[in-house]
Amino acid sequence: MLSSLTPKPLWQIFSQICAIPHPSHHEQRITQFVVDFAKAHHIDCELDQAGNILLRKAATPGMEQASSIALQAHLDMVPQKNEETQHDFLVDPIQAYVDGEWVKAKGTTLGADNGIGLASALAILIDQTIEHGPLEVLLTTSEETGMVGAFGLKSGWLKSRYLINTDSEAEGEIFTGCAGGVDFKQFLPIGYANIPEHHDICVHLALKGLKGGHSGCDIHLGRGNATKLLVRFLVEFVDDMDFRIADFSGGSLRNAIPREAFITLTLRQTDYTTLQSLMQDYSAILRNEYQQTEPNLVFTQQLLDKTQVKRVISHDHQRQIIDWLQTAPNGVVRMSNQISGVVETSLNLGVVEIKDNRVSAYYLIRSQVDSAKDAVVSTLISHSQLAGLQYELSGGYPGWQPDPNSALLRLTKHKYQELFSAKAQVMVIHAGLECGLFKTPYPEMDMVSIGPTIVSPHSPDEKVNISSVARYWNLLVATLKAADQLK
């Protein structure tokens, strides 16, 4: 039971959060939960036009002169599940459970990103034993799909000069900077044709079992992109079979590395035997190449009733789509020259789908350096033009530049050393944190980001380390208690 874990108030609230559906753009129920929570505990609560929530609590006795600190989390979670998992993210609760030193979910994302941060902020508001100065809690909407709430945040609403973002995923690290990002979409209107008369087989191929993960934090780990790997199969064996594509899809979120990809083909009976042999050969190739990073990768096929397929993509468009996706850039572009082991620039081919008579591909580009981000955009524009594609650019957001003179960073580092007799690492993260956007309405705000250890966020393998949650909590509480040391 989660409610038996320590710290109890945090885990009890997180358990309640898991029971409330709250994927991005569907935060109505979690918002109502927070509003009711504030009312029940006599906490000031306001909502803005973007759906953000601001909670306020007065300083504890003797801390009235301490600096005000805002704790910040986002309300939404990434909805990802395994293909065989029966789960409706708009209706069903997350089935969280304890597995040794970790909390996981059954077949879905857990929502520890950013549910633990949300739970910790609410738990602090109701814990009468915690000393703190004037306290604010800012909860933003739809962070995972474009930082909607952060974009909508207005100046003058928050009174705090200091802010602790709770959306980091490595306990023992204090983040003071993050990557900026931008969405890029390619699309191709397509034509269809009748199924060739000599094609008497219809087969559905599935490449699945990959780890996927966060398209920023995990992009450098050598994991496979299911979409790219499935297209590679078509390219390598396109001359060995006479096939036509009826449908294709890969991934489900532009900020998650695709774990699964699917294609429906029609072909001749005589080519079906060849297909099975080629699939065995390709599976062996992938097992050899990805034996360390993707041990659970599987490539499967299932025969379909031919009547289930009404049409196939035209021959010319089929070849164009295959060449387009084969040459689509993906992955790490450049590692940072300033911080060892940190990705500077990357892009993720997150989603490919056929809908409304066109094929669309969705990328998320990330970089600590704006000019490098622009260079990737330029590459994708050139790629689009060469491939005969249309494209759209949207959702750009800035990075967060580190402040070496941050008083909040000095205090947080000191408290970590004091609590754990160890130095916290000061880092930047190759992911989008809302802190960069907060700098627009609040340019003088001093910020850090901390959190527990969360592995494989944005995938059904997501898990949070239990002991790291306790350490994160203790650091948060100690920092708030020392708010009078901020100048």
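The crossing of helices H9 and H11 is right-handed, a term that applies when the near helix is turned clockwise from the far one by less than a right angle. The axes of H9 (residues 407–420) and H11 come within 9 Å and cross at roughly 125°, the axes being lines fitted to C-alpha atoms, for helices over the stretch in contact, with angles from 0 to 180 degrees between N-to-C directions. The residues in contact (heavy atoms within 4.5 Å) are as follows.

| Helix | Contact residues |
|---|---|
| H9 | Leu408, Leu411, Thr412, Lys415, Tyr416, Leu419, Phe420 |
| H11 | Arg471, Asn474, Leu475, Ala478, Thr479 |

This is a predicted model, in which local features need pLDDT of at least 70 and side-chain atom pairs count only at pLDDT 80 or more, while totals for chains, interfaces and linings use all residues. Residues are numbered from 1 along each chain as its sequence is written, and side-chain values use heavy atoms, leaving out hydrogens and water.

An open, antiparallel sheet is formed by four strands in the order E4-E5-E23-E22, and its edge strands, E4 and E22 (454–455), each pair on one side only. H11 packs on this sheet by touching E4, E5 and E23, and its direction makes about 60° with that of E23. E22 and E23 are joined by two bridges, pairing being assigned where DSSP finds at least two, and Ile454 stands opposite Val464 in E23.

In helix H1 (residues 8–18), Leu10, Trp11, Ile13, Phe14, Ile17 and Cys18 are buried, that is, under 20% relative accessible area with a 1.4 Å probe. They cover an arc of only 165° around the axis, which puts them on the same side of H1. Among the elements against which these buried residues pack are H2 (28–40), H3 (112–126) and H11 (466–481).

Technical notes: Buried < 20%, exposed > 50% of the residue type's maximum accessible area, 1.4 Å probe, protein only. Arc of directions from axis to C-beta.
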